[in-house]
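Here is a short briefing on one protein model. Look at the sequence and the structure first, then read the points below.

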Amino acid sequence: MLEQPLTLPCGAVLSNRLAKAAMTEGLADASGVATPALTRLYGLWSDGGAGLLLSGNIQIDRDHLERVGNVIVDAEPTPSVSDALRALAEAATRNGNHFWGQISHGGRQTPKAVNAQPKAASPVQLGLPGGQFGVPVAMTSADIDEVIAGFARCARVLKESGFTGVQVHAAHGYLLSSFLSPRANQRTDQWGGSLENRARLLLAVVAAVRSAVGADFPVAVKLNSADFQRGGFEFSESLQVAQWLEAASVDLIEISGGTYEQPRLLNLDGIEPIEEQTVKASTRAREAYFVDFAQAMRAQVNIPLMVTGGLRRRDAMEDALATSSADVIGLGRPLCVTTNGAQQLLSGGTELPRYEDTLSLLPAWLKWLERFKLVRSVAGFATQYWYYEQIALLGETGEAQPALSVLGATKAQMAREKKLLAARKTIR
Ligand SMILES: Cc1cc2nc3c(=O)[nH]c(=O)nc-3n(C[C@H](O)[C@H](O)[C@H](O)COP(=O)(O)O)c2cc1C
């Protein structure tokens, strides 16, 4: 089933059911311009066989990044910015696959090093230790209008640059996702309170994006099944939002979940307890942690669904497709080293590598520390650096280095970040 094409509501056709999920690359320069390393990376992924590649976060506002090194499209592009985007899109589509830009605004998850007072729904700071995130400032209605226009402009510029679709990032706690959450969004105007009000920004963004790119261009949304936090966005609400998105002519919903405070997207533990959601658990053992949510969502909406998170075995992917739980399978971490993972599955491979099972920040003799929730959580976050560094190495050298330690990767990433932050200061 993996090799079957899929026609989207807008008429575009994906050549198979495998997608490279969005993964932040950190490979733009300090001004957010795509570099040759980023272009090389997407060439490798295009060669890798997936019918769809999603870019990492492309930001609509340079003061609200997910991290330095994000691509930024927050103005009409200069000729050199435009050339860089075109080169990226050309490499990323060189095998006839789709390449969609994931467009986003960091909101309150913007790191302090980028912006100590990011704009967000309400002044509710992230509940994470370490002082990495500032107290946000509530957006005015003019700020909100700017966000809507910013998403639309970014989508149009990407289309003009050769991207073949866009995905609005409304998951994982960034701005649009935080507006959906009653915990992060405590507004009392038309943008907060009832679900209808909390979803208003996402729906306004989708409408503006659709009108900027036209009816025949793929517009997708990445949506949390739930935040998995007490008082957060719940699954019953996600089902309703999905129906609204279908009515708003969205072509595909990618189902994920969690936030920085509760990183369920990576199946990692947060510091606070997980708020379990009511969803009918499948009787089959499943490695994919959002498939049951996708199956329940399928009963409510008819548009294509993509499910991402934990899928490694081909039979689990085929099962998700055969039971109509999902129409597209998202692949993340395995492709940070095994760039042709999709091709392997399409030509009969049974399973992708599970790097997450063996990576650890802590040497064996300190493993006992993982009994402590905070340590477990920090160690889990550190493994992200390993993936970031593999992505950077792929872009810069064409080769990953799977033998690299988590500590080595963490140090290398911190050095890269320091350099980008220093360069960012000089250009502002
Ligand atoms: C290195 C890395 C970077 C990521 N960056 C993004 C991102 O920019 N946008 C996004 O929506 N999800 C991001 N994610 C989440 C992935 O898209 C995906 O949901 C997650 O990795 C689970 O899929 P997997 O189990 O196949 O890795 C990232 C994950 C990883 C590992």
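A residue is called buried when its relative accessible area is under 20%, exposed when it is over 50%, and partly exposed in between (1.4 Å probe, protein chains only). By that rule, both Asp327 and Arg298 are buried. This is a predicted model: local features need pLDDT of at least 70, side-chain atom pairs count only at pLDDT 80 or more, and totals for chains, interfaces and linings use all residues. Residues are numbered from 1 along each chain as its sequence is written, and side-chain values use heavy atoms, with hydrogens and water left out.

**Salt bridges**

- Side chains of opposite charge can pair when their charged atoms come close.
- A salt bridge here is a side-chain nitrogen of Lys or Arg within 4 Å of a carboxyl oxygen of Asp or Glu.
- How many salt bridges does this rule give? The count comes to 21.
- Asp327 and Arg298 form one of them, at 2.5 Å from N to O. This pair links distant parts of the chain, 29 residues apart. Asp327 sits in the loop between helix 9 (314-322) and strand 13 (328-331), while Arg298 belongs to helix 8 (residues 291-298).
- Helices (H or I, at least four residues) and strands (E, at least two) are DSSP runs, numbered from the N terminus.
- Glu160 pairs with Arg156, and their closest N and O atoms are 3.4 Å apart. Both lie in helix 3 (residues 141-160), four residues apart, about one turn of the helix.
- Glu318 pairs with Arg314, with 3.8 Å between the closest N and O atoms. Both are in helix 9, four residues apart, about one turn of the helix.
- Glu318 has a relative accessible area of 26%, so it is partly exposed. Arg314 is at 21% and is therefore partly exposed.
- Arg313, Asp315, Glu351 and Arg354 are linked in a network of salt bridges.

**Around the ligand**

- A residue is near a molecule or strand if one of its heavy atoms lies within 4 Å of it.
- How many residues surround the ligand? There are 23, and the closest are Ala22, Asn57, Gln102, Gly310 and Arg333.
- The shell divides into nine nonpolar, 11 polar and three charged residues. Ala, Val, Leu, Ile, Met, Phe, Trp, Tyr, Cys and Pro count as nonpolar; Asp, Glu, Lys and Arg as charged; the others, Gly among them, as polar.
- Strand 4 (52-59) and helix 11 (373-397) each supply at least two shell residues. Helix 11 gives the largest share, three residues.
- A backbone N or O atom of Ala22 lies 2.7 Å from an oxygen atom of the ligand. A polar side-chain atom of Lys222 is 2.9 Å from a ligand oxygen. For Arg333, a polar side-chain atom lies 2.7 Å from an oxygen atom of the ligand.
- The protein covers 98% of the 600 Å² of accessible area that the ligand has on its own. Such areas come from the Shrake-Rupley method with a 1.4 Å probe; for residues, only the protein chains shown count as cover.

**Helix 8**

- Helix 8 is mostly covered, with six of its eight residues buried. They are Val291, Asp292, Phe293, Ala294, Met297 and Arg298.
- Contact means heavy atoms within 4.5 Å. The cover over these residues includes strand 10 (219-224), helix 7 (235-247), strand 11 (252-256), strand 12 (305-308) and helix 9.

**Two buried residues**

- Arg187 lies in the loop between helix 4 (175-180) and helix 5 (195-198). Arg187 counts as buried because its relative accessibility is 12%.
- The side chain of Arg187 reaches the backbone oxygen of Ala121 at 2.9 Å. A polar contact is a pair of N or O atoms within 3.5 Å; within protein, one must be able to donate a hydrogen and the other to accept it, and residues adjacent in sequence count only if both atoms are side-chain atoms.
- Thr308 is in strand 12. At 10% relative accessibility, Thr308 counts as buried.
- The side chains of Thr308 and Glu254 are joined by a polar contact of 2.6 Å.
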